[in-house]
Amino acid sequence: INVCTQRSTRYLSAISAARGLHKSALDVVERPAPEETVTSSFGRFIQSVQPRHLSPTVLQRSKRMVLDSIGVGLLGSTTDVFELALQHCQHMYAPDDVSFVYGRQGVKLSPTLAAFVNGVAAHSMDFDDTWHPATHPSGAVLPALLAISDMFHNNSKPSGLDFLTAFNVGIEIQGWLMRFSNEAHNIPKRFHPPSVVGTMGSAAACARLLSLDRNQCSNALAIAASLAGAPMANAATQSKPLHIGNASRLGLEAALLASRGLEASPLVLDAVPGVAGFSAFYEDYAPNPIASLEEHEHSFLIETQDIAFKRFPAHLGMHWIADAATVVHKTLVGLKGGSVSPNLVQEILLRVPLSKYINRPFPETEHQARHSFQFNACTALLDGEVTVQSFHTEALQRPELLALLSRVRVEHPHDNPANFNIMYGEVEVTLVSGDVLRGRCDTFYGHWRNPLSQESLQKKFRSNAGAVLSNERVERLIEAVEGLDHLDDCKPLLAQLQ
């Protein structure tokens with residue numbers, strides 16, 4: 001910039017001298033200060049957020065998100081897709097022992113690759129948290145922040161409050177971007193949201209933890225936009241977890257590139273006619289700047305919009321239909337006693353939102369089953385619950401389950417939109433005897449309107465983390481996360497994850 005300024009000054013002086021003009025005769029017009037853009041306001045917000053801006057509610061809710069995300073990531077490290085991703089990174093890239101990997105003692109990768117595989121782990125079973133508008137916010141942000149924290153020297157680890165500040169910045173940016181679109185409020189059809197806003201959130205969180213300046217923060221977002229996006233066609237496949245792994249990794253890449261001075265569009269988040277920026281992902285995107293923290297009191301979105309935590313590893317929509325089917329299961333067991341026999345059932349009617357990728361009559365793989373209204377309803381009807389074990393191969397192939405699946409019919413009522421904030425699930429079972437049993441769920445336990453208690457959340461964490469860690473280490477992790485805002489640095493948290 002200094003070189004350009006000096007060149008411009010010399011150039012203007014040469015013109016003035018050649019024309020024989022006196023300085024006093026020149027009309028000097030100052031260039032007006034540029035109007036603030038949406039993109040620059042986001043950069044300013046990322047750079048200026050401080051721990052004092054986090055309310056007790058924001059701190060507590062974000063710590064719950066961190067705990068749950070670590071737990072599902074640790075359990076996810078036992079999956080085939082995680083193992084494939086890890087082997088790929090180990091075999092295709094030069095060793096770089098910097099950042100830990102979930103569930104693998106002594107294994108370390110470069111920060112970006114660790115962010116990738118740990119992000120894959122977080123979504124490998126579709127067990128991670130969900131927000132409204134619809135996205136999985138934590139899995140894209142937390143692995144990148146943990147990888148950076150591992151990258152810092154022992155004497156310069158971020159404090160727990162700095163870590164939580166960066167985490168909340170990453171969550172907040174995702175929330176704002178999705179609120180600029182009505183399309184984003186519904187269950188997605190085109191892009192998988194974490195691959196879009198998750199990449200932006202990861203970049204924002206990493207930029208904050210790296211203490212980038214305002215312009216660098218804006219550039220990190222613009223670079224991330226060029227690395228974002230994955231199609232919904234890969235839902236219910238082993239490739240879906242890659243969406244969150246890439247969001248975490250590429251957001252970190254964007255922040256690191258911005259820290260080195262790489263520039264990108266200063267209007268990427270603005271609505272510029274004829275030139276698509278972030279609007280390429282949402283056709284009705286209508287952004288507004290984020291107000292300055294110095295001039296306006298900022299309330300984080302998570303303050304009023306809580307998070308949904310899943311009780312079993314499947315698409316969030318499955319929780320409504322599973323709870324409705326569980327009601328019928330209890331009624332049927334009460335009437336007939338013992339277990340539920342398919343021979344009693346003539347027809348099963350499901351009233352669910354219209355969403356093609358989660359309407360799967362006969363799922364053949366665990367990933368398809370996690371995205372099947374029919375499978376989760378029949379499993380809950382048969383067993384009275386859906387669990388981690390429900391998606392094991394032997395459970396998918398049970399003859400009694402297949403018999404129930406063959407009797408399912410689906411309706412899509414007009415008053416049941418594909419929107420996690422207002423949808424419902426209804427199960428109507430007609431018995432061979434002619435009796436009709438009904439169950440309905442408007443808000444399942446774990447939804448943001450009916451959040452898991454701290455006891456239930458910790459029970460889920462203990463079950464998930466206990467799959468790969470000792471009980472003692474699991475308890476130390478709970479303690480480290482609960483006290484994260486009081487830690488001088490993140491070493492106690494990282495130590496339990498090595």
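UniProt positions are given in the numbering used here, feature names are shortened, and annotations may be inferred rather than shown by experiment. The structure is a predicted model, in which local features need pLDDT of at least 70 and side-chain atom pairs count only at pLDDT 80 or more, while totals for chains, interfaces and linings use all residues. Residues are numbered from 1 along each chain as its sequence is written, and side-chain values use heavy atoms, with hydrogens and water left out.

**Exercise 1. Annotated spans**

Task: State which residues the feature "domain: MmgE/PrpD N-terminal" covers, and describe the helix and strand content of residues 42-276.

Solution. 
- Step 1. An unreviewed UniProt entry assigns "domain: MmgE/PrpD N-terminal" to residues 42-276.
- Step 2. Helices (H or I, at least four residues) and strands (E, at least two) are DSSP runs, numbered from the N terminus. Residues 42-276 are 58% helix and 2% strand, and the end C-alpha atoms of the span lie 18 Å apart.
- Step 3. The unreviewed entry also places "domain: MmgE/PrpD C-terminal" at residues 312-485. That span is 40% helix and 14% strand, with 29 Å between its end C-alpha atoms.

**Exercise 2. Helix H3**

Task: Find how far helix H3 (residues 56-76) reaches from its first C-alpha to its last, and state how many of its residues are buried.

Solution. 
- Step 1. The expected span of a helix is 1.5 Å times one less than its number of residues.
- Step 2. H3 has 21 residues, and its reach of 30 Å is close to the 30 Å expected.
- Step 3. Buried means under 20% relative accessible area, exposed over 50%, and partly exposed in between (1.4 Å probe, protein chains only). Of the 21 residues of H3, 17 are buried, so the helix is largely enclosed by the rest of the structure.

**Exercise 3. Two helix pairs**

Task: Classify the packing of H6 against H8 and of H9 against H10.

Solution. 
- Step 1. Axes are lines fitted to C-alpha atoms, for helices over the stretch in contact, and angles run from 0 to 180 degrees between N-to-C directions. Angles under 35 degrees count as roughly parallel, over 145 as roughly antiparallel, 65 to 115 as roughly perpendicular and the rest as oblique.
- Step 2. The axes of H6 (residues 138-151) and H8 (residues 193-209) cross at roughly 30 degrees and come within 8 Å. H6 and H8 are therefore roughly parallel to each other.
- Step 3. For H9 (residues 214-225) and H10 (residues 240-259), the angle is about 135 degrees and the axes are 8 Å apart. This makes H9 oblique to H10.
- Step 4. Contact means heavy atoms within 4.5 Å. Residues of H6 that meet H8 include Ala-144, Leu-145 and Ile-148, and among those they meet in H8 are Gly-201, Ser-202 and Ala-205. In the other pair, Gln-216, Asn-219, Ala-220, Ile-223 and Ala-224 of H9 meet Ala-254, Ala-255, Leu-257, Ala-258 and Ser-259 of H10.

**Exercise 4. Backbone exceptions**

Task: Locate the cis peptide bond and the positive phi values of Asp-126 and Ala-236.

Solution. 
- Step 1. Most residues other than glycine have a negative phi, and most peptide bonds are trans.
- Step 2. His-132 and Pro-133 are joined by a cis peptide bond with omega about -5 degrees. Pro-133 lies in the loop between helix H5 (111-123) and H6.
- Step 3. Asp-126 is also found in the loop between H5 and H6, and its phi is near 55 degrees. Asp-126 is buried, with a relative accessible area of 2%.
- Step 4. Ala-236, in the loop between H9 and H10, has a phi near 65 degrees. Ala-236 is buried at 5% relative accessible area.
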